[in-house]
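Here's a quick tour for anyone opening this structure for the first time. Take a look at it, then read on for the highlights.

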Amino acid sequence: MIEPIGNQYIVARPVYSANAFGEEHKKKHRYHKTFLDHLKVCCSCSTGKARKIALSLLPIASWLPAYRVKEWLLSDVVSGISTGMVCVLQGLAYGLLVNIPPSYGLYAAFFPVIVYFFLGTSRHISAGPFPVLSIMVGATVSRLTPMANAVAMDSSNNSMSNDPSLDDHKVMVAATVTVLSGIIQLLMGVLQIGFMVVYLSESLISGFTTAAAVHVLVSQLKFILQLSVLPYTDPFSIFKVLNSIFTQIEKTNIADLVTSLTILFILFVVKEINQCYKNKLPVPIPIELILTVIATGVSYGFDFRNRFNVTVVGKMESGFQPPIKPDMMIVQETIGDSFSIAIVGFAVAFSVARVYSLKHDYPIDGNQELIALGLGNVVTGSFKGFASSTALSRSAIQESTGGKTQVAGILSAVIVLIIIMALGFLLEPLQKSVLAALALGNLKGMLMQFVEIRRLWQKDKYDCLIWIMTFIFVIALGLALGLVASVAFQLLTIVFRTQFPKCSTLANVGRSNIYKNKKDYSDMYELEGVKIFRCPSPIYFANINFFKQKLIDAVGFSPLRILRKRNKAMKKIRKLQKEGLLQVTPKGFICTIDGLKDSDEELDNNQIEELNQPINTTDLPFQIDWNANLPLNIVVPKIELHSLILDFSAVSFLDVSSMRGLKTILQEFIRIKVDVYIVGTDDDFIEKLERCEFFDDEVKDSIFFLTIHDAVLHILMKKDCSTSKFNSSQESDRKFDFTIHTNGGLRNRECRVSVETKF
């Protein structure tokens with residue numbers, strides 16, 4: 001019964017142990033589905049299920065018929081044109097990151113958009129090249145291109161070789177890696193294991209993308225300065241690249257450097273203007289397009305290539321390349337790289353898609369996103385493109401310019417198609433340093449994530465440590481190895497947090513039914529002889545010893561040591577009593593000798609197993625009070641504790657190894673006459689203990705109570721009954737009613753109702 005009184009309430013109910021509650025409230029029988037049941041549901045077929053599967057595999061069939069032409073078409077057209085121009089420039093710029101001719105970047109900007117239009121579930125992300133994935137593919141290309149080192153050293157005017165055979169090999173490596181990563185994503189989507197992305201936390205992704213942005217920045221310095229730099233791919237390669245750049249800094253091409261710095265300055269200024277006045281501008285200023293047109297015209301008009309020896313995009317073939325099949329030799333050497341690319345690509349795309357789905361209130365399907373991205377990479381790689389995901393800046397443009405659906409995406413692909421088929425030759429005079437500057441201009445958002453460190457430090461130091469270590473691992477070890485090390489470190493922090501939980505001792509607050517850490521509040525009430533210990537994590541093989549030590553620290557003594565001391569004392573008392581040297585009087589023990597020959601050392605070493613057994617006093621004609629003075633100055637530590645409550649409300653599971661350890665701990669306390677109660681567990685927890693035969697004559701299932709307060713009231717009633725001065729007939733008529741007043745006070749009074757508790 002619950003009675004509200006103003007802003008307080010009174011609850012009247014019995015004191016419940018788990019057994020008492022189960023007897024009064026019978027559980028319903030529930031059928032738990034087995035693996036075969038789930039398999040039957042999965043393999044069953046019906047018209048509705050077939051339609052649902054078809055719509056999930058082809059999302060366009062659900063949203064395109066509902067397309068609002070009059071309301072959305074104009075916005076999608078404006079958004080598509082704006083995004084398409086950015087796609088062209090980013091495709092060319094990110095082609096440099098892959099160490100292949102920039103023109104192949106246009107394929108990476110075209111095919112993923114087409115596939116995602118039909119299969120994607122997000123309405124706002126712009127599929128296509130992403131700088132982090134591009135640099136990851138580029139690292140693999142450099143590692144598997146044996147001629148790259150010699151060419152890089154021999155080439156004095158171009159940091160990328162013009163050798164067709166070498167370019168073809170690089171394109172083949174990039175395409176093979178892309179196809180393989182796409183196949184991995186497809187398999188993950190079909191097998192419904194998109195949940196794997198949950199192992200990449202926001203802190204890890206932020207630290208990883210920031211470090212990747214630094215890699216991109218360093219990789220583009222050779223184009224900005226026009227220097228010949230070896231493509232290092234081993235750990236600490238970023239430092240080797242920087243060393244190579246600084247040792248030949250005097251060879252910098254001033255024309256490329258000035259052009260790049262000018263482009264970067266204008267780009268940052270205009271992007272800030274776009275950000276500050278985004279609510280007033282109908283569309284963001286297409287500064288990338290404007291700068292590209294101007295830079296191309298200036299380079300062509302003043303013949304920068306011949307006058308200043310700058311590197312340019314060069315020959316751009318019109319039309320599409322014929323599809324190719326992956327090289328199986330390359331596949332064998334790039335499985336690990338492809339898996340990393342697949343995971344990172346999906347994690348980034350899904351994170352961005354989830355942001356826009358929450359903002360615009362529509363659902364997305366992670367497994368379908370894997371299928372869309374995977375098939376897009378397979379098609380892109382087959383046509384000599386490289387791995388794609390989504391670029392944050394490009395998706396932001398598509399959404400901020402009014403894009404409503406993926407119709408904007410398909411229109412952006414049309415813009416890329418026009419460049420591929422007809423207008424690509426106009427970009428041939430464009431300097432590569434301009435593309436490098438455009439690539440760096442899009443890194444601002446990722447580089448600004450450094451401010452996350454301070455915010456994370458204030459909110460969660462573990463997350464902050466994950467961010468910092470991820471950044472360090474990726475910078476030092478490279479993108480692929482750095483990602484693996486970062487995930488391993490993140491999982492290690494989870495293990496560390498559960499292996500060393502913040503256990504605490506609880507006490508009553510304000511004499512109510514609320515129990516908190518006794519170190520946190522001043523108005524605390526702790527029952528004499530009662531300890532309440534809370535463990536806030538699962539208990540398993542790795543932390544059971546830590547749990548035991550923390551429990552010993554909380555109660556202030558080792559129950560096993562007390563048990564052994566008492567058993568040794570019992571052996572001495574039993575020997576004295578057997579020899580008639582010990583007498584018991586109302587005032588205590590009287591002993592007729594001064595000492596014994598048995599030594600503690602001998603008992604400890606020779607009978608250690610016997611000392612761990614329960615104390616047996618059935619053969620003695622008297623009871624022993626272990627907190628009183630014992631004969632012959634036998635010293636046994638005195639303890640005031642008579643009840644121990646373990647709050648397991650946060651213990652989600654218990655494995656078999658820790659189960660044995662927990663039972664040993666409980667037995668040690670029970671054997672020294674300390675009652676142990678476990679509270680807050682769910683029914684599954686107790687059922688698992690029963691299946692594992694946890695309970696016996698010492699550790700019984702009656703130790704479980706629903707709440708801490710139930711256990712406390714049970715202890716009070718038990719103590720009152722044991723110290724009662726009534727005789728047995730009077731005691732049978734005595735009832736208890738513990739009442740908590742509306743002001744929080746606790747009292748005990750005699751009444752004539754059944755045993756119950758009122759709050």
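Let's start with two helices: H5 passes H19 in a right-handed crossing (a crossing is left-handed if the near helix is turned anticlockwise from the far one by less than a right angle, and right-handed if clockwise). Keep in mind that this is a predicted model, where local features need pLDDT of at least 70 and side-chain atom pairs count only at pLDDT 80 or more, while totals for chains, interfaces and linings use all residues. Residues are numbered from 1 along each chain as its sequence is written, and side-chain values use heavy atoms, with hydrogens and water left out. Helices (H or I, at least four residues) and strands (E, at least two) are DSSP runs, numbered from the N terminus.

**Helix pairs**

- The axes of H5 (residues 69-97) and H19 (residues 407-423) come within 7 Å and cross at roughly 45°; axes here are lines fitted to C-alpha atoms, for helices over the stretch in contact, and angles run from 0 to 180 degrees between N-to-C directions.
- That makes H5 oblique to H19 (under 35 degrees counts as roughly parallel, over 145 as roughly antiparallel, 65 to 115 as roughly perpendicular and the rest as oblique).
- H23 (residues 461-477) and H24 (residues 479-499) have axes that come within 8 Å and cross at roughly 155°, so these two helices are roughly antiparallel to each other.
- The crossing of H23 and H24 is right-handed.

- S11 (residues 643-647) is mostly covered, with five of its five residues buried (buried means under 20% relative accessible area, exposed over 50%, partly exposed in between, using a 1.4 Å probe and protein chains only).
- In a regular strand the side chains alternate between the two faces of the sheet.
- In S11, Ser643, Ile645 and Asp647 point one way, Leu644 and Leu646 point the other way, and all are buried.
- Strand S8 (residues 530-534) runs parallel to S11 and is joined to it by five bridges (two strands pair if DSSP finds at least two bridges between them), with Ile532 standing opposite Ile645.
- S12 (residues 675-679) also pairs with S11 in the parallel sense, over five bridges, and Val676 in S12 is the bridge partner of Leu644.
- S11, helix H29 (residues 656-671) and S12 make a right-handed β-α-β unit; right-handed here means that, with the strands pointing away from the viewer, the path from the first strand over the helix to the second runs clockwise.

- H6 (residues 105-119) has 15 residues and reaches 22 Å from its first C-alpha to its last, close to the 21 Å expected at 1.5 Å a residue (the expected span is 1.5 Å times one less than the number of residues).
- Since 13 of the 15 residues of H6 are buried, H6 is largely enclosed by the rest of the structure.
- H26 (residues 559-578) has 20 residues and reaches 28 Å, close to the 28 Å expected.
- Buried residues in H26 include Pro559, Ile562, Arg566 and Lys568.

**Residues worth a click**

- Val434 sits in helix H20 (residues 432-441) and is buried, with a relative accessible area of 1%.
- Val434 and Thr292 are 142 residues apart in sequence and 7.6 Å apart in space, C-alpha to C-alpha.
- Asp361 has a positive phi of about 60° although it is not a glycine; Asp361 is found in the loop between H16 (335-360) and H17 (366-382), and is exposed at 69% relative accessible area.
- Lys384 has a positive phi of about 70°, and is not a glycine either; Lys384 lies in the loop between H17 and strand S4 (389-390), and is buried at 15% relative accessible area.
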